[in-house]
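You asked for a quick note on this entry. Please have the sequence and structure open as you read.

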Amino acid sequence: MEIILTHPHTDFDALAAQQAAARVYPHAYAVLAHQLNANVAEFVGLHGAELRLVGRADLPAEAVTRFILVDTDRRWGDWQVADDCQTIIIDHHSESHNPNSNPAEPVPTIQRITAAVGATTTILVQQLLEHAAPFSPTEATLFLLGIYEDTGDLTYTDTTPTDLRIAATLLERGADLSAISQYRHRGLTPAQDSAYQALFDQLRSTEIGGWPVLTAWAQLEQHTPGLSGLAERLRDIYAPAVLILALGIGDGGTQLIGRADAAALDLGALMAEWGGGGHAQAAAAFVRDRAPEALCREIEARLPALITPATTAAEIMTRAVRSLQPDSTIRDAAEVLRRWSYNAVPIIDEQGALLGDIGRTELTKAERHGLSAVPVRRYLWRSPTTIAPATPLREVRRLVANDPRGRVYVVDPAHQLLGLITRGDILHHTERSSTPAGADAEHTAQFAAALDLRTCERAYWASAWAAGHGWGVYAVGGFVRDVLLGRPPGDLDLVVEGDAIAVATALAQQTEGQVRAHHQFGTATVEWLFAPDGHLDFITARTEFYEHPTALPEIEAASLRHDLHRRDFTINTLALALTPARRGHLYDFYGGLRDLQHGLIRVLHNLSFIDDPTRLLRAIRLAARLSFQIEDRTGELIADAIAQDVLNRTTAARIRHELRLLLEEDQAAAALALLDQWKLLAAIHPDLRWDAGLAAAFAEVQTRNLPAHERRTLLLLLLLSRLPAPERQALGTRYSLPKIERAQIDDYNQLEAHGAELAQPQLSAGELDALLAPYNDLALQALAQVSGGVVAERIERYRTVLRLIPSQLSGRDLRAQGLPPGPEYRRLLAEARAKQLDGWNG
């Protein structure tokens, strides 16, 4: 006999999972637990005849050969168990957070089916849907109730897209949505109301780590079904971040029920300490032989060590806010708005104290009335909302939402301006905070795995030191992108919301390193003398302003969000927090993670290619390297920039740099094909093109074991081979190629001019040697690759055979024969070598 069990005090997720399991395992009996929650018991009383559920008394008198446990890994009751009995466990909880777990379970587990979803019901209904199993409207309604039960009506942070998709499918299959309010949101029974009043009398409200915390206890004479509903009701009324209820049940022990904001506390971990578990946001435990008041006080004492401090204004504010003094003009303020995309300019006195601000609307009106030269103090808004740096995020959110101008200023006790928080800052923080449970730990592990231990330790030390000064440190850009893609990352750049040079200096002093600082740009590099210690780069968070298209940017200190906003593509705007309190948190202000997951190259600004045309080449290089697609709007902007001929407005040196990087890519051929497709090769030179012959040549070169710089030069020669010889030389001059590369182009041009000679049928070994000896090996390889046929064969014969044969006659031999040194030596040695090779039989 096979039976399906779930935990006592069965909720809708447990009951629905039993019914779904009975469909997946049709030969098993789904046995109702002896205690059902009141709303579940009512549903069973009305619809039990339509479900595959039985009472224990209805089972045949047989030994159990297999237990199927759903939403639990603990079986209840005493059973006659067969010697070879085994267990299947189906659950969406981890073992450590399962409130119904029993690590001492004696029956061997043959299979554990888990999934990172919000409800166990989701796992089993998905199996039914995959097998196209039909189910009745009553079943669909029960399954929907199960998903809503354990996802907090689809609001808990561990709710997944899969839960929502299954819920939508259930509605399509006839689930009754009104059952949610009927069974999930009910009035209190007399017994529940009595328990509620007892809890109300013992409510205690405190603040821990910036979070409002509500605790209460009560002693009940006997078990009362549906106690979890009391937690929901208290949470709806008082909106605490953490709610803990301790309810004594007769003389048996105390039932703990908790609800929490996942950002404040992992309730599953807390309840696990008392033998229970559950979700981060909803969990429970039953503690035997403990009085509720004492247990409640014990938990209150434990909470400060477990609660994550609330995000504060100092953590999300924009620092380095550009401000003006009262005598600055309306014109000055308007220029600040234009250059730095502000909506208002704070006005401060000589000591840095905030006096007020002036917004875009006021400035526009003042300019319209011809008041551009008037001091801003005349039209200053003198009552902006101000807050302290330690103000918790909840209060910040409320103040920003209620401020008619949608912004608050962060000031110190002397009213000196520290930062600014806008609606955008709140929204961006909300977006970046909605990460899946466990993501921060996973990101931290990925970061550490990508670095050697010493570099990782140094980065963490610098981050902790910076945190002590109120500064955040973040890994940013391509390093984070590659780590998330599982690719070997490049150099680690650390952005500091604060003084990057100070952080670098402190790290160097701690680790006996040396600092190279660039005060103009707010950057510093810490170097260590002995490999493999390498270096770490620190960069002050900054923003950029382009005075005109293709100009080099003007730089100014800014917040992390503004720093990331100056970057080229969304996939390069991801930042990973290294500061201890936020370590591993991924900051994604601009949708970079979404584009990373969908394989898209998306430009960050509509004028990005106008500001910096080399981003055109960078977009193609990244697309080829990562096998990503150019996003549609980005493609339109590329076409527009090419039509405006923006590459001809930037410096040749910057284009050369990007081309060299592109040719060093493993996917250089794919990148050049894309350049040709987007007409960027023609923008570099109108006669440059890409064809199948070049593709084959590049593929062959990529198989050779060449140093990176030689492979890059060889690929360049192959690419330029499609140009007429004079144009190759002109291109080398125009883009200021290094002298050695221009020399190799000249060698290739001269070799190409000898093509007819190289193809002559009667060319002797000596003549071949004399013809090819003056030229660089890379030029020889390029011509062989381009020419093919007999020319390639002869060049390879020279490279691999003839030039390796030592000459029998040397200048020393001629001197020994009494011939004085002079121009005659070259002729004699050349004739002797030619005669030697012509007579060689190899």
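This is a predicted model: local features need pLDDT of at least 70, side-chain atom pairs count only at pLDDT 80 or more; totals for chains, interfaces and linings use all residues.

The points below cover a helix, a set of strands, the nonpolar cores and the salt bridges.

1. Helix 4. This helix covers residues 137-150. After the helix comes Gly-152, which has a positive phi near 60 degrees.

2. Begin with strand 21, residues 523-527. Of its 5 residues, 4 are buried. Strand 20 (residues 514-518) pairs with strand 21 in the antiparallel sense, over 5 bridges.

3. The largest nonpolar core. It has 106 residues. Which residues have the most contacts inside it? They are Phe-447, Leu-494, Phe-538, Ile-601, Leu-672 and Phe-698. Helix 23 (residues 614-626) supplies the largest share of this core, 8 residues. In soluble globular proteins, nonpolar side chains tend to be buried together.

4. Phe-698 and a second core. Leaving aside neighbours within four places in sequence, Phe-698 is in contact with Leu-663, Ala-668, Ala-669, Leu-672, Trp-690, Leu-715, Leu-718 and Leu-719. A second, separate core has 44 residues, including Phe-12, Tyr-148, Ala-175 and Tyr-183.

5. Arg-259 and Glu-232. The structure holds 48 salt bridges. In one of them, Arg-259 meets Glu-232, with the closest N and O atoms 2.7 Å apart. Arg-259 is in strand 10 (residues 253-260) and Glu-232 in helix 8 (residues 228-238), so the pair ties together parts 27 residues apart in sequence. Arg-259 counts as buried because its relative accessibility is 8%. Glu-232, at 27%, is partly exposed.

6. Arg-582 and Glu-315. These side chains form a salt bridge at 3.2 Å, N to O. Arg-582 sits in the loop between strand 25 (575-577) and strand 26 (586-587), while Glu-315 is in helix 11 (residues 313-316), so the pair ties together parts that are 267 residues apart in sequence. Buried or exposed: which is Arg-582? It is buried, with a relative accessible area of 16%. Glu-315 is partly exposed at 32%.

7. Glu-741 and Arg-712. This salt bridge is 3.4 Å, N to O. Glu-741 belongs to helix 31 (residues 739-753) and Arg-712 to helix 29 (residues 708-720), so the pair ties together parts 29 residues apart in sequence. Glu-741 is buried, at 4% relative accessible area. Arg-712 counts as buried too, at 10%.

8. A salt-bridge network. Asp-568, Asp-612, Arg-615, Arg-618, Arg-621, Arg-625, Arg-654, Glu-658 and Glu-665 form one network, joined by salt bridges that share partners.

Definitions and conventions. Residues are numbered from 1 along each chain as its sequence is written. Side-chain values use heavy atoms; hydrogens and water are left out. Helices (H or I, at least four residues) and strands (E, at least two) are DSSP runs, numbered from the N terminus. The expected span of a helix is 1.5 Å times one less than its number of residues. Buried means under 20% relative accessible area, exposed over 50%, partly exposed in between (1.4 Å probe, protein chains only). Two strands pair if DSSP finds at least two bridges between them. A nonpolar core is a set of buried Ala, Val, Leu, Ile, Met, Phe, Trp, Tyr and Cys residues joined through side-chain atoms within 4.5 Å. Contact means heavy atoms within 4.5 Å. A salt bridge is a side-chain nitrogen of Lys or Arg within 4 Å of a carboxyl oxygen of Asp or Glu.
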